Amino acid sequence: MHPTASCSAAEPAPAGHGHLLKQKIRLASGELFLALDRFWSQADVAARYPELLFHIHCVVRATVPAMETARRNAEARSPADPVATAMAAYLARHIPEELHHDDWLLDDLESLGVARETVLRRVPSPAAAALVGSLYYWALHAHPVAWMGYAAVTEGHPPSADYLVSVMRRTGLPQEGFRTYLKHAQLDPHHSREMYAALDAMPLTREQSSLLGVVAFQTIHHVAGLFAALTGPQPPHTAA
Amino acid sequence: MANLEILISAGVIAANNNLTAADIQTINALASAEVNALIALKSALGDDFITRNTVDAPNCFL
């Protein structure tokens, strides 16, 4: 059994898991910020933006199924595992808020001239598979609370509406291509607060607290890799 | 050996870092699983990586 698989025998971790996770993410986010900085600073970012949305769609189309997998595993461990019980309740509340975000992205791509059928026909990106695939592993084979380490990174650095507007001005890309990012600029701060509040209320073991850190560090690495793959001398080809 | 020294030896933290006492406390409290993950992922910890030109630049999202 994995050391994080049960919380019954382990010593409880100190309080403030959310705060501690935030501190760890802050310290480790340099790689991600550097990749974001390089991607968004490129002179030809307009040509690369549809490809970014394709990669993000590859991730987002798997979000709800991954959350459902974590929720089912949490329910199976409940009620013997209080953290699993809390996770099942959290995910049951949160899953409806994540529905159809993949459709929003398809709408944005369509407004940029990329047909929905083209996006859905393409082989998904290895970066997306690495990011979400590892999450399935952690949520199924370690503990469903691993979801929070992933979400803390992906929802914990929300896009800024002002920055998005500056990109639109700089690139001349239409606002319709940024609808999903703009919605997330509004939604993510709320989701992030809710997530950290839920985390603070969970009786995590030291091992589960460490699991959150490991998952967060790996998520930072994979998301940075996704942006780095879209940064370089040649703009990627996005079929229309 | 404290986590800080291990991570400096592994090149995850620069020897001439600007870490605060609170940062060092957080780092030294990391579990071995977290330290090993940071080394395996070739991560880079420290404030000098945090202050970027476009900190507001959009991330991937759920």
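1. In this predicted model, helix α5 of chain A covers residues 82-98, 17 residues in total. The distance from its first C-alpha to its last is 24 Å, close to the 24 Å expected at 1.5 Å a residue.

2. The axis of α5(A) carries a kink of about 25° at A:Ala92. This kink comes shortly before a proline, A:Pro96. Just after the helix, A:His100 adopts a positive phi of about 70°.

3. Which residues of α5(A) are buried? They are A:Val83, A:Ala84, A:Ala86, A:Met87, A:Ala88, A:Tyr90, A:Leu91 and A:His94. An α-helix has 3.6 residues a turn, so residues three or four places apart point the same way. The packing partners of the buried residues of α5(A), in chain A, are α4 (63-77), α9 (146-154), α11 (179-200) and α12 (206-229).

4. Between the chains, 39 residues of chain A are in contact with 27 residues of chain B. On the chain A side, the elements giving two or more residues are α1 (17-28), α2 (30-41), α3 (45-60), α9, α10 (161-171), α11 and α12. Of these, α12(A) gives the most, with nine residues. By class, this side of chain A has 18 nonpolar, 13 polar and eight charged residues.

5. In chain B, B:Met1 belongs to the segment before α1 (3-9). B:Met1 counts as exposed because it has 7 C-beta neighbours inside 10 Å, and the cut-off for exposed is 12 or fewer. The C-alpha atoms of B:Met1 and B:Asn28 lie 9.8 Å apart, although the two are 27 residues apart in sequence.

Methods
Residues numbered from 1 in each chain as written. Chains lettered and ligands numbered in written order. Predicted model: local features only at pLDDT ≥ 70, side-chain atom pairs only at ≥ 80, totals over all residues. Helix = DSSP H or I, 4+ residues; strand = E, 2+ residues; numbered from the N terminus. Buried ≥ 20, exposed ≤ 12 C-beta atoms within 10 Å, placed from the backbone. Expected span 1.5 Å × (residues − 1). Bend = angle between axes of the 7 residues up to and from the residue. Contact = placed C-beta atoms within 7 Å. Nonpolar A, V, L, I, M, F, W, Y, C, P; charged D, E, K, R; others polar.
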